[in-house]
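Here are my notes on the model, as numbered points. Have the structure open while you read.

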Amino acid sequence: MDKIKIPKATAKRLPLYYRYLLILSEEGKSKVSSTELSEAVQVDSASIRRDFSYFGALGKRGYGYDVKNLLMFFKKILNQDTLTNVALVGVGNLGRALLNYNFKRSNNIRISCAFDINKEITGRILSGVPVYDMDDLKKQLSDQQISIAILTVPSSAAQHTTDEMVEAGIKGIMNFTPIRLSAPASVRVQNVDLATELQTLIYFLNSDKAKDNEF
């Protein structure tokens, strides 16, 4: 995916396609059309064809897409054969939920270490993951050669923690805090704001309700 310049929106949809193709493969399906994919992943078929076009000819007109070939292609693109270790920084309520989840439906991502300031949990193993003291953050990230971190610390500690992670070599941060982090251009930050997502959902539901009341 690094060698092919594709839009961010397309990159975010690739894992969605891969997961559905995995389901089709497990069901023994040999081919799928863009219309079928569209209905399953809730992305319009024109967008799917455009997404796929960035990678060359992946299907045949009138035939659709070969499930096995497409699955193997996206497996390679998404590095599904390579295990990626991720650090969890902040083991509060949300952090613990993520530890319990630990990407069980994914074969190539796992939280391999966690960090917190709470002395009651540091030095212990929670959900199979060792929890280190925040004082060990830079050393452990560097020693374990971890380049991706999930950030779930309190807002007041978010930027300082980010600075330390960057110093330790972190290149990607999934940010669950409401703070918009300052990081070098070489570090990618993916913001996950649950409150904003819910507010957006509520807005659209209210808009739909208002339209229904017009008739």
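1. Which residues form a nonpolar patch on the surface? They are Leu198, Leu201, Ile202 and Leu205, with about 400 Å² of accessible area together. A patch here takes residues with over 30% relative accessible area and no salt bridge, nonpolar side chains (Val, Leu, Ile, Met, Phe, Trp, Tyr) being joined within 5 Å and like charges within 9 Å. Leucine 198 sits in helix α8 (residues 194-214) and is exposed at 53% relative accessibility. Exposed is over 50%, buried under 20%, partly exposed in between (1.4 Å probe, protein chains only).

2. A caveat: this is a predicted model, where local features need pLDDT of at least 70 and side-chain atom pairs count only at pLDDT 80 or more, while totals for chains, interfaces and linings use all residues. Residues are numbered from 1 along each chain as its sequence is written, and side-chain values use heavy atoms, leaving out hydrogens and water.

3. Now the salt bridges (a Lys or Arg side-chain nitrogen within 4 Å of an Asp or Glu carboxyl oxygen): the count is 5. In one of them, arginine 13 meets aspartate 51 at 2.7 Å, N to O. That pair links distant parts of the chain, helix α1 and helix α3, 38 residues apart. Aspartate 51 is buried, at 1% relative accessible area.

4. Lysine 119 also has a salt-bridge partner, aspartate 133, with the closest N and O atoms 2.4 Å apart. Lysine 119 is exposed at 59% relative accessibility, whereas aspartate 133 is buried at 13%.

Note on methods. Areas by Shrake-Rupley, 256 points an atom, 1.4 Å probe, with all protein chains shown as cover. Helix = DSSP H or I, 4+ residues; strand = E, 2+ residues; numbered from the N terminus.
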